[in-house]
Amino acid sequence: MDRIELIAPCHFGLEAVLKREILDLGYEIARVDDGRVTFYGDAAAVCYANIFLRTAERILWKVGSFHAVTFEELFDRTKDLPWETYIPKNGKFWVAKAASVKSRLFSPSDIQSIMKKAMVRRLQERYHLEHFPEDGAPYPIRVFLMKDEVTVGIDTSGVSLHKRGYREVSGKAPITETLAAALIMLTPWRKERILVDPFCGSGTFLIEAAMMAADIAPGMNRSFTAEKWTNLIPRKLWYDAAEEAGDRIRDDIQADIQGYDKDRSVIKIARRNAREAGVDHLIHFQERDVRELSHPKKYGFVITNPPYGERLEEKEALPELYRAFGDSFRKLDSWSAYLISSYEDTEKYFGRKADKNRKIYNGMLKTYFYQFQGPKPPRRGKDAGVK
């Protein structure tokens, strides 16, 4: 299995960001679909993708794909797949999730049950066993049905990759780590530039930015299901990837990254999360209202996830909140602002039409990533002739 196909699901609307990350790791893209990117790699790619990708939700080892419009076809085609190549005699296997879109087979529970039976039948024939102990390593299966095309993969990650391990406690309406990382990547922000989040909550935007600045791999402090698959991935490959992640960390960098929130208890949570992520020395948290948003320097960035007002009583307060945010931002000469919100009157009360607007699904919630762009800073050393 020198060349395998891996599937990386992601947030809808952010496939291009994940594609760029995969290419930067040195892997070849097979295809891009809504909500996922498929790429080619080897066993080591499972380790590197899980540890280094910031915007993927999980990494699936593709077993196969086929067309099925009846449960009989689903059973037969699933049974045709070479399950013995992946699952040992004592492996624990089950269909952890089935998703169906625009397909004639649409009942997740029925799909899961039939596919499990087909897998058992195949492995019974190959291993000459009637019953399986299933007391070994776990091999959770995930299946997508799209327009009657079935794609089957084994989940190498286990717990979703947005669980970096630093955020056990969250503030109100948290944004996931993978979504925060992807949104930062959609902006021109770099570690040399100022970054402020005036609604920082549990600190996710700022922590993800600081991890990028220090080149801390998002998955280096957590475990993955596939670490137990010694029949497929030698332990040395995990050690090599983890060692490279450790070697890449930059402890010598400085950054101007700041987070504000008017809730003192939330700021305490954010500070704790930053410590857990190893970036508390790069972020300055402060109890401060958005009306006090200010900074003495130019050409900074605001990247934030302001309240959406999902509850009626909160929604009534949004016009004044967004108006205050817009008033404070206008005082920041030459700054850029990037904010994600489902609030339909964001531009009206912020007081400015966005230069760009991108639709993104935060789970099932349709949101927009509003981009209010400021001028680019002058190139350093241009007048002095410095290259």
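Mentor: A residue is called buried under 20% relative accessible area, exposed over 50%, and partly exposed in between, using a 1.4 Å probe and protein chains only. By that scale Arg31, at 49% relative accessibility, is partly exposed. The model is predicted: local features need pLDDT of at least 70, side-chain atom pairs count only at pLDDT 80 or more, and totals for chains, interfaces and linings use all residues. Residues are numbered from 1 along each chain as its sequence is written, and side-chain values use heavy atoms, with hydrogens and water left out.

Start with the charged pairs. Side chains of opposite charge can pair when their charged atoms come close. A salt bridge here is a side-chain nitrogen of Lys or Arg within 4 Å of a carboxyl oxygen of Asp or Glu. The structure holds 29 of them. Arg31 has Asp33 as a partner, with 2.7 Å between the closest N and O atoms.

Another salt bridge joins Glu125 to Lys79, where the closest N and O atoms are 3.3 Å apart. Glu125 is in helix α4 (residues 108-127) and Lys79 in helix α3 (residues 71-80), so this pair ties together parts that are 46 residues apart in sequence. Helices (H or I, at least four residues) and strands (E, at least two) are DSSP runs, numbered from the N terminus. Glu125 is partly exposed, at 39% relative accessibility. Both residues belong to a salt-bridge network that links Lys79, Glu84, Arg122, Glu125 and Arg126. A further salt bridge, between Arg235 and Glu227, has its closest N and O atoms 3.8 Å apart, and Arg235 is partly exposed at 30%.

Next comes Tyr166, in the loop between β7 (149-155) and α5 (177-185). Tyr166 is buried, with a relative accessible area of 3%. The side chains of Tyr166 and Glu208 make a polar contact of 2.7 Å. A polar contact is a pair of N or O atoms within 3.5 Å; within protein, one must be able to donate a hydrogen and the other to accept it, and residues adjacent in sequence count only if both atoms are side-chain atoms. Contact in the wider sense means heavy atoms within 4.5 Å. On that basis, and leaving aside neighbours within four places in sequence, Tyr166 touches Glu177, Thr204, Ile207, Glu208, Met211, Arg272, Asn273, Glu276 and Ala277.

Glu177 leads on to α5, where it is one of the buried residues, along with Thr178, Leu179, Ala180, Ala181, Ala182, Leu183 and Ile184. Eight of the nine residues of α5 are buried, so the helix is largely enclosed by the rest of the structure. The buried residues of α5 pack against α1 (15-24), α6 (204-213), β11 (301-304), β12, β13 and β14 (365-372).

The loop between α10 (318-330) and β12 (336-341) holds Ser334, which is buried at 11% relative accessible area. Its side chain reaches the backbone nitrogen of Tyr299 at 3.0 Å. Contacts of Ser334, again leaving aside neighbours within four places in sequence, are with Lys298, Tyr299, Gly374 and Pro375. Tyr299 sits in the loop between β10 (283-287) and β11 and is partly exposed at 24%. Tyr299 has a positive phi of about 60° although it is not a glycine. Lys147 also has a positive phi, of about 50°, without being a glycine; its place is in the loop between β6 and β7, and it is exposed at 52%.

Last, the largest pocket. On a 1 Å grid over the protein atoms alone, a pocket is an open set of points with protein on both sides within 12 Å along at least five of seven lines, and lining residues have an atom within 4 Å of a point. Grid points are joined across faces, edges and corners, and a volume is the space filled by probe spheres set on the points. The largest pocket has a volume of about 1200 Å³. Its lining has 35 residues, with Phe12, Asp34, Gly35, Arg36 and Phe144 nearest the centre. The elements giving two or more residues include β1 (4-9), β2 (28-33), β3 (36-41) and β6 (138-146). β6 supplies the largest share, five residues. The lining divides into 13 nonpolar, ten polar and twelve charged residues. For that count Ala, Val, Leu, Ile, Met, Phe, Trp, Tyr, Cys and Pro are nonpolar, Asp, Glu, Lys and Arg are charged, and the others, Gly among them, are polar.

How values were computed. 1 Å grid on protein atoms, 1.4 Å probe; cavity = no way out; pocket = protein on both sides within 12 Å on 5 of 7 lines; lining within 4 Å.
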